[in-house]
Amino acid sequence: MIETINLYFEHVLEYLPRMLESLGETGIMLFFAILAAILLGIPVGTLLFLTSSGNPMEHHLLNRLVNTLVNIIRSFPFLLLVVAMQPFIRQIYGRATGDPIAASFPMIVIAIALYARFVEQSLNDIPKAIIETAQSMGATTWQLVWKFLYVEARSSLVIGFTTAVISFVSYSTIMGVVGGGGIGDFAIRYGYQRYETDIMYTAIVLIILLVGLFQWLGLKVAKILDKR
Amino acid sequence: MIEFDSVTKIFQEKDRVFTALSDISLSISKGEAFGIAGKSGAGKSTLLRMINALEEPTSGTVTIEDTTLNNVNKIHLRSLKKRTGMVFQQFNLLYNKTVAENVHLPLELHNHPTHLTVEEALHFVGLKDKKDQYPSQLSGGQKQRVGIARALITRPDILLCDEPTSALDQNTTEEIVQVLKKAHKAFDMTIVVVTHDLLVIKALCQRAAVLENGELETIIDVSQSNKQTADRPYYERAIEVLGSD
Ligand SMILES: Nc1ncnc2c1ncn2[C@@H]1O[C@H](COP(=O)(O)OP(=O)(O)O)[C@@H](O)[C@H]1O
Ligand SMILES: [Mg+2]
């Protein structure tokens with residue numbers, strides 16, 4: 001028994017440097033996805049909300065357009081999105097395969113579309129009376145968004161963000177197909193293709209722990225922010 | 001002065017056209033406490049919301065201090081809303097902000113040359129000790145006091161109240177009426193109160209319009225009882241309310 005355990009640790013230790021490197025690659029992909037979700041997903045989601053009917057910036061055409069775009073991206077099977085984006089990535093980044101930054105482009109696209117939807121939903125859940133109150137005070141749309149909507153939606157924005165990040169982890173695991181690396185790719189290459197089953201399970205447990213950590217952290221922050 | 005001239009409001013929905021207000025003309029003087037009474041659906045809120053341009057007349061005009069609202073630009077509307085405070089039936093507080101932050105909010109939206117401090121506003125409504133609490137920790141009456149403090153902090157010229165006591169019980173209603181009455185005296189502003197509760201109008205207003213099905217039935221001079229309602233024994237009030245016809 002002890003011998004088996006020792007053997008296992010020796011084995012893991014042998015693969016550890018490569019495993020850590022893979023985690024680093026996952027980190028890079030998540031970093032770009034998270035950055036895009038915050039910097040672009042939130043504005044796009046807010047735009048979806050504000051331009052929908054009955055809301056302060058009501059605009060049917062714009063709403064329909066953005067809505068359709070988000071739907072297309074979200075319903076695109078992710079693997080096909082990755083492949084379909086190759087020529088485009090090559091054009092702007094110089095190469096489309098072989099590093100986690102190139103692999104981040106599809107992650108960015110899905111991150112924006114996914115989180116925008118969550119943001120829109122969070123804002124939809126705010127009572128309409130809050131918007132009316134802002135308008136009765138003569139708030140500008142900018143003030144409405146920052147001083148009313150984001151304040152009241154903040155904990156559900158965090159919960160949506162947590163769910164989105166967990167999906168990003170899942171999406172990142174297939175980026176091996178374009179040489180993006182990452183911990184998912186590691187599990188496939190060493191565990192599945194080279195029959196190092198123990199290494200594969202170690203990597204999978206690591207991914208599950210990572211997701212669990214995000215989940216725990218997200219709920220905790222949301223709870224602190226929620227005063228309702 | 002607030003003036004409605006032949007104001008009609010028609011709501012168009014997919015399959016129905018609904019006349020919420022028809023041909024309303026009335027004027028409210030500066031400094032007056034004016035009531036708008038009527039059953040639910042009579043058009044009271046719609047009428048009130050025209051005073052701060054949350055609702056636009058389908059025809060007719062609303063004029064505030066020589067400014068006719070129909071043809072003013074956005075910036076002007078903003079400055080009009082800046083001079084108007086509003087109190088809501090469901091309080092409409094931000095539940096993720098503290099009492100003090102809620103009361104301070106209007107000051108973050110506009111530059112107000114003369115305004116109360118958060119402490120003054122909270123002191124006025126008797127909630128100074130609650131300033132760091134969150135609305136969820138307050139009773140209904142306390143929440144409405146926060147709503148009133150938030151409306152008063154800008155020292156508005158016009159205070160609009162839409163069913164300010166309708167979510168509250170009888171005793172709390174009287175407390176809130178007293179706060180509004182005190183505010184009317186202290187801050188020299190026009191108050192317009194919409195409510196289905198005639199006693200609230202009786203206690204607070206000098207004149208009142210009665211609406212029914214979107215039509216102005218009459219405008220009454222409210223005969224004020226000199227006796228302070230809140231100070232009198234319950235049975236006396238019961239006799240007055242239940243015994244008169
Ligand atoms: N935005 C709207 N769209 C359609 N109908 C409306 C709208 N706002 C109010 N109404 C209708 O107008 C009537 C008067 O409403 P309201 O002014 O809120 O009445 P009150 O405040 O006296 O209860 C109601 O029948 C209501 O259904
Ligand atoms: Mg109403």
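Let's start with chain A of this predicted model, which has nine helices and zero strands. If you draw a box along the principal axes, the C-alpha atoms of chain A fill roughly 75 × 45 × 25 Å.

How much of chain A is buried? Of its 228 residues, 46% are buried. The contacts tell us something about how the chain meets itself: take those in chain A with a separation of 6 or more, and 74% of them join residues 24 or more positions apart.

For a closer look at how two of these helices meet, turn to helix 6 of chain A, residues 128-136, and helix 7 of chain A, residues 141-172. Their axes lie 10 Å apart, and the helices pack at an angle of about 135 degrees. That angle makes helix 6 of chain A oblique to helix 7 of chain A, because an angle counts as roughly antiparallel over 145 degrees and as roughly perpendicular from 65 to 115. The crossing of the two helices is right-handed.

Which residues bring helix 6 and helix 7 of chain A together? From helix 6 of chain A come Ile130(A), Ile131(A) and Ala134(A), and they meet Leu144(A), Phe148(A) and Leu149(A) in helix 7 of chain A. By class, the residues of this contact are six nonpolar, no polar and no charged.

Now let's move over to chain B. Its domain assignment gives two entries: domain 1, made of 1-83 + 158-165 + 189-245, and domain 2, which covers 86-156. If you follow the chain by residue number, you will see that the segments listed for domain 1 of chain B include 1-83 and 158-165, with domain 2 of chain B at 86-156. Taken over C-alpha atoms, the centres of the two domains of chain B are 23 Å apart. Domain 1 of chain B gives 15 residues to the contact, and domain 2 of chain B gives 15 residues as well.

Is Thr67(B) buried or exposed? Its relative accessible area is 18%, so Thr67(B) is buried, the cut-off being under 20%. Leaving aside residues up to four places away in sequence, Thr67(B) touches Val62(B), Val72(B) and His76(B).

Terms used: Residues are numbered from 1 along each chain as its sequence is written. Chains are lettered from A and ligands numbered from 1 in the order in which they are written. This is a predicted model: local features need pLDDT of at least 70, side-chain atom pairs count only at pLDDT 80 or more; totals for chains, interfaces and linings use all residues. Side-chain values use heavy atoms; hydrogens and water are left out. Axes are lines fitted to C-alpha atoms, for helices over the stretch in contact, and angles run from 0 to 180 degrees between N-to-C directions. Helices (H or I, at least four residues) and strands (E, at least two) are DSSP runs, numbered from the N terminus. Angles under 35 degrees count as roughly parallel, over 145 as roughly antiparallel, 65 to 115 as roughly perpendicular and the rest as oblique. A crossing is left-handed if the near helix is turned anticlockwise from the far one by less than a right angle, and right-handed if clockwise. Contact means heavy atoms within 4.5 Å. Ala, Val, Leu, Ile, Met, Phe, Trp, Tyr, Cys and Pro count as nonpolar, Asp, Glu, Lys and Arg as charged, and the others, Gly among them, as polar. Buried means under 20% relative accessible area, exposed over 50%, partly exposed in between (1.4 Å probe, protein chains only). Domain bounds come from an automatic or database domain assignment.
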